[in-house]
Amino acid sequence: MSSLVDIAYNKIRENIMTGVYMPGTLLSENELAELLNMSRTPIRSAISRLESEGFVSSLKNRGIFVKEISFKEILDAMEVFLFLEEFSVDSVIEKGLAFNIEELKTYLDQQLAAEVEDDYPSYVHSSMMFTRSMITAANNQRMLQIMDSVKDKLIHFGIINWKLTPHQKHYSANLLNKAVYEAVCTENYAEVKRLCKEAYSKNRERFIRSGIQ
């Protein structure tokens, strides 16, 4: 049974993450069970896991509601990321640690390639992994756990926003992470922190200006 739950959970979560099930969509246990060719029992368990993660909510006698991630939740996650990035830079400076430049370059190259191919989901995932690689430099597993607990919300938000705003310019993290990578390579850590803080401030201002709530 657990394997069926995992299959249901992974498939439904993937469809939520990629915007197949957009925020506001009302799902049915029966329809999901039919789609995945399984009974409602593993579907119900999968939905329970997704509900605990904040992606859906069960509405009595109505179905499963795909939740919209709020501006406040995204802003809180961005603030956490900024703190973790700055702490990681400080750790590298103060403790003699080092960023994994080769790994950063791999994720940066993946980002740039995704823009050329207009593969936004791959781009936003690679961008998030670039940030995670930066945070790994602090050698603090708890920090990575904190990041991992919120990064999928940011990935989801980014993909949904991309789908809803095709007229807007996207892929902005490519220029940011390219500049961060170059600053890391030259050990200009003050510039790394400046770039991260500036990016946070610009994104926050953009969200407020666009009326995202």
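Q: What kind of model is it, and how are the residues numbered?
A: This is a predicted model, with residues numbered from 1 along each chain as its sequence is written. Local features need pLDDT of at least 70 and side-chain atom pairs count only at pLDDT 80 or more, while totals for chains, interfaces and linings use all residues, and side-chain values use heavy atoms, with hydrogens and water left out.

Q: OK, how many helices and strands are there?
A: The protein chain has nine helices and three strands. Helices (H or I, at least four residues) and strands (E, at least two) are DSSP runs, numbered from the N terminus. Along the sequence the pattern reads α-β-α-α-β-β-α-α-α-α-α-α.

Q: And what size of box does it fill?
A: Taken along the principal axes, the C-alpha atoms fill a box of roughly 55 × 40 × 30 Å. Of the 213 residues, 44% count as buried; buried means under 20% relative accessible area, exposed over 50%, and partly exposed in between (1.4 Å probe, protein chains only).

Q: Now the strands. In what order do they sit in the sheet?
A: The order is β1-β3-β2, in an open sheet with antiparallel pairing. Two strands pair if DSSP finds at least two bridges between them.

Q: Why is one side of β1 and of β2 left without a neighbour?
A: β1 (26-27) and β2 (56-59) stand at the edges and each has a single partner strand, so one side of each has no neighbour in the sheet.

Q: How many bridges hold the pairs?
A: β2 and β3 (residues 63-66) pair over four bridges, and β1 and β3 pair over two bridges.

Q: Which other residues have a positive phi?
A: Asn37 is one of them, with phi near 60°, and Asn139 has phi near 55°. Asn37 is in the loop between α2 (29-36) and α3, and Asn139 is in the loop between α6 and α7.

Q: Are those two buried or exposed?
A: Asn37 is exposed, with a relative accessible area of 71%. Asn139 also counts as exposed, at 64% relative accessibility.

Q: Back to the sheet: which helix lies across β2 and β3?
A: That's α3 (residues 40-52), running at about 120° to β2. Axes are lines fitted to C-alpha atoms, for helices over the stretch in contact, and angles run from 0 to 180 degrees between N-to-C directions.

Q: Let's switch to Asp152. Where does it lie, and what does it touch?
A: Asp152 lies in helix α7 (residues 141-164). Leaving out residues up to four places away in sequence, Asp152 touches Arg13, Met17 and Phe55, where contact means heavy atoms within 4.5 Å.

Q: Which of those does its side chain make a polar contact with?
A: Arg13, side chain to side chain, at 2.8 Å. A polar contact is a pair of N or O atoms within 3.5 Å; within protein, one must be able to donate a hydrogen and the other to accept it, and residues adjacent in sequence count only if both atoms are side-chain atoms.

Q: Is Asp152 buried or exposed?
A: Asp152 counts as buried, at 17% relative accessibility.

Q: How about Gln111? Where is it, and is it buried or exposed?
A: Gln111 is in helix α5 (residues 101-116), and at 0% relative accessibility it counts as buried.

Q: Which side chain does the side chain of Gln111 make a polar contact with?
A: The side chain of Asn177, at 2.8 Å. A polar atom of the Gln111 side chain also lies 3.4 Å from the backbone oxygen of Ala173. The residues that Gln111 touches include Tyr123, Ser126 and Phe130.
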